[in-house]
Amino acid sequence: MSSPVLEVRALKKHFPVRGRLLGGPATWVKAVDGVDLAIGASETLGLIGESGCGKTTTSKLILRQETPTSGTISFEGRDIAGLEGRDLMAYRRSVQVVFQDPFSSLSPRMRVRDIVAEPLEIHTDLSPAAIDERVGHVLELVGLAPDVAPLFPHEFSGGQRQRIAIARALATDTRLIVLDEPVSALDVSVRAQIINQLEELQKKLGVSYLFIGHDLATVAHISHRIAVMYLGKIVETAESDALCTRPMHPYTQALFAAALPSHPDERAQTKPITGEIPSALSLPSGCRFHPRCPSAMPVCSQVEPTLRRRDSGEVACHLYE
Amino acid sequence: MAHDVVLQIAGLQTHFFTFGGTRVLRAVDGVDFSLRAGETLGLVGESGSGKTTTCLSIVGLLPRAARIVGGRVVFEGEDLTKKSQRELRRIRGRRIAVILQDPMASLNPLFTIYRQVAEPAFFHQHLRGRRLRERVQGLLRAVRIPSPEWRMREYPHQMSGGMRQRIVGAIALSGGPRLVIADEPTTNLDVTIQAQYLDLLKDIQRETGVALIFVTHNLGIVAKMCDRVAVMYAGKIVEQAPVRELFDSPKHPYTRALLGSMPRLGSKEPLYSIRGQLPNLANLPAGCAFHPRCPDVMPRCMTEEPRDFRPGDGSVARCWLLDDVLTRS
């Protein structure tokens, strides 16, 4: 891979939680606790994990909606932490986001034209006519007719609204789009349309995606590489195909065991893992997964494993050391 | 064996009347299916296909604007459409239980877990005192709540999402039902928790022989859980089949499209995408409601509504394509 578009190194975000009585912060929620990621040009990185694992916090840090506790995020070789003014605007122009629910992410009081034009009005000095032209162009890119521009979001179905959200994300010269569960809220027959559309756009425009999701099959379908996150840490990264054929980390294996079959003959014989995700307030010692891990060893509760290179990816597990 | 049929629905029509009755939405328009003890039927469809309205029609919990205008819902030999709300109240919670999508909306935040799980057993089975407490503990143990004698004194906010959904399951089982209707019970759960919950429902079904209607839009859940599947589109069942037949040889183009649009692990092929959008129930296309989106549409589909065809492998599908296949062979 040539130099990555986005590179995240040892990223941490700890939120203070106040104790019962008034006073200083008593404990910390380690929402993101040492994450490394890299996304290349026209690459899709899938970020998968269950609720509370820190995937959304990671995306907020990348979008600079939150400030990291420590660690660096560099975009096209530049650390984004110090960006200000004009440079920050340039960053915001290049990195956009599409949220899960297109019913709440589009303002019901704005016309489609204004929704899609908003980033252009903020980031460019195009004339209104040039903006109209650009809006028509991106609407066509996402498979909508340019004459929908004067309509309001309520006149569209969920899938069409998500297309509008994608059009807005593409309006400026976007290099990276953070897709935070972009199809989870859509009807099944429409999901495939959006997934195919995203793949097509990537081929056409060379844009990179960070695809956040919890459905293994969907994430594996669209991603080139996948990072599996558990309680604030990446436990495994691998090429998407390698991860599907040979998951290494017991948590990744558990996710595959819990995945729904695509045919009744594939009903899993294996029992899904027991237990629930521990609270991020009181993390287990050693490996964070050890209380639920079917192959836990004594060392797992004492020493925290680090990510080590294996085959096409990396895995953090004592089994492979 | 006719006697172990728990539920039989024939020609059910439930319409919504809005704007003073001037506008009629045919949310459910001629639905037939039946269910035996111990069997799981998957009711599959997208939003607005009428799957939830079908379920609400069974238990008589329809919103004010909706009315059952035709058909029968026969539960253990009695037609529920002829019952008063008073009589239905004695059936709901005892013989038919419902599990809804959002456990926080079905649990009362002000009452302890004990009180909520005990309620159906208290009213319907008249248990009191120690026997009631033991029953509640047994139910909580059955849904794998650790140390039930302590947890039952707690409140819903002290439970995790997976535990709350399991408690709703315990409430559903509390009255000893013969039929449980589960309306997308796992959409809010994480994948590993979802797998645990689905396995739990299967175990409980094996032990109690309860019949299960599983409403979902997720064909993966159908593949995992169901014995038979009914696929709904715009208020009608367009295909009904045993689960293997449905996955191996889907008859209706809509079923084929749904199966093709499912991402599969290990495959990078482009997904099959159904063109167009779901139809508006107030303004359904003429003929077959699926024809504007159908890849195999014929002139006849635009004018004439297809009837049920039975190709002989246990499946029923409403599609003119089968008419050709069957008459030619």
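H9(A) crosses H8(B) in a left-handed manner (the near helix is turned anticlockwise from the far one by less than a right angle). The model is predicted: local features need pLDDT of at least 70 and side-chain atom pairs count only at pLDDT 80 or more, whereas totals for chains, interfaces and linings use all residues. Residues are numbered from 1 along each chain as its sequence is written, and chains are lettered from A and ligands numbered from 1 in the order in which they are written.

The axes of helix H9 (residues 250–258) of chain A and H8(B) come within 8 Å and cross at roughly 45 degrees; axes are lines fitted to C-alpha atoms, for helices over the stretch in contact, with angles from 0 to 180 degrees between N-to-C directions. Ala254(A), Leu255(A) and Ala258(A) of H9(A) meet Val191(B), Thr192(B), Gln194(B) and Ala195(B) of H8(B), contact requiring C-beta atoms, placed from the backbone, within 7 Å.

The contact between the chains takes 33 residues from chain A and 37 residues from chain B. H8(B) supplies the largest share of the side of chain B that touches chain A, seven residues; helices (H or I, at least four residues) and strands (E, at least two) are DSSP runs, numbered from the N terminus.

Chain B also holds an open sheet of eight strands, ordered S6-S7-S8-S3-S9-S10-S12-S11, with mixed pairing; strands pair if DSSP finds at least two bridges between them. Strands S3 (residues 40–44) and S9 (residues 228–233) of chain B run parallel and are joined by four bridges, with Gly42(B) opposite Val229(B) in S9(B).

Conventions
Two residues are in contact if their C-beta atoms, placed from the backbone, lie within 7 Å.
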